[in-house]
Every structure is written in C-alpha cells, then in structure tokens.
Amino acid sequence: MRTFDVQSLEIDSPAGKVFEYVADPAHLPEWTGAFKSIAGRRAVLSTPDGTISIDVGVQASREHGTIDWAMTFPDGSVANAFSRVVETANGRAIYSFVLLPPPVPLEKIEGALDQQSRILGEELARLKHILESRPKHQTEGNRSTSRRLAAENG
C-alpha cells in the first residue's frame, strides 16, 4: 500500500507569482475541489459525508519556496500538506506537492490515497491554467499578502 504521492508540474509563470498565489489560503477555493470557502484561518471543506468546518494554518517561506498547510479537524486530527515552488533557469516555476493519506482510520485509507492523487492531478492542472492565464504584466502578488506572510514567519 502506498503511503504518499508526489506530483509536480512546470508552470509558465515566474516562481514569485506562483508562490504568492499558492501561499495565500484565500485562493484555495479557486484551484482545489475540497475547499468551498475560507475566511482567515477557518475553512469549509466538502467531504463525501458533507461539509465540515476546519482550521487552516499556513507556513510559507519565500526564501525556501515552501508552502505547508496544517488542517485541524473538529475531532482534533490534523492533516498536513507540503509543497514547494522552484524557479527554473528559464524563469518558469516548478510546483511540487507531497500528498499524504487523510487522517482517517486505517481501513478507510486503502484506495483513499489513489483517489486523492487523481484529484490532486486535476487540481494542479487547474492551478496551472489559472496562473498561466493571468496577464504577464501583473505583479508577482499582493503586497499585503507578502507582508502578512512575512509577519507570520518572523
């Protein structure tokens, strides 16, 4: 049984622009299927059993290109997601994402990672489309997001 999946793709957009977009949790509903809404640290997720409200923490480091999320569920369980943005020599970005199984009982994990992996592939394709569709002259990100992330990360 697989216990993780790593996916990556090249995005025809500067790494800084990709980082700013992905690091801002307000964008999650635009490119992911599970996040229905997010306000501050609270998010509403769509699950096979309906919707659920969770806490979302983001740790982002522009210096290292890392964007990691910790999602805390009502029962106290935590799901983590880890990602990284790397700039290529030609000014494009490579975005990679490490997918771990959800925090569910072992009997529910079988097949769950495979299903999540397929969904992640669709989400990454959506992310690529969104970022490559934005005008090239658009700034690398929202300055307030940059200040907020810098404050959160010390």
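## D114 in helix α4

D114 is part of helix α4, which spans residues 112-133; helices (H or I, at least four residues) and strands (E, at least two) are DSSP runs numbered from the N terminus. With a relative accessibility of 38%, D114 is partly exposed; here buried means under 20% relative accessible area, exposed over 50%, and partly exposed in between (1.4 Å probe, protein chains only). The C-alpha atom of D114 is 8.4 Å from that of R2, although 112 residues separate them along the chain.

## Basis of the values

This is a predicted model, in which local features need pLDDT of at least 70 and side-chain atom pairs count only at pLDDT 80 or more, while totals for chains, interfaces and linings use all residues. Residues are numbered from 1 along each chain as its sequence is written, and side-chain values use heavy atoms, with hydrogens and water left out.

## Salt bridges

There are four salt bridges in the structure, each a side-chain nitrogen of Lys or Arg within 4 Å of a carboxyl oxygen of Asp or Glu. One of them joins E20 and R62, at 2.1 Å from N to O. Because E20 lies in helix α1 (residues 15-23) and R62 in the loop between β4 (50-61) and β5 (66-72), this pair ties together parts 42 residues apart in sequence. E20 is buried at 5% relative accessible area, whereas R62 is partly exposed at 44%.

Another pairs R42 with D55, with closest N and O atoms 2.7 Å apart. R42 is in strand β3 (residues 42-47) and D55 in strand β4, so parts 13 residues apart in sequence are tied together.

## Within helix α4

E132 and K128 form a salt bridge with a closest N to O distance of 2.8 Å. Both lie in helix α4, four residues apart, about one turn of the helix. E132 is partly exposed at 30% relative accessibility, and K128 is partly exposed at 25%.
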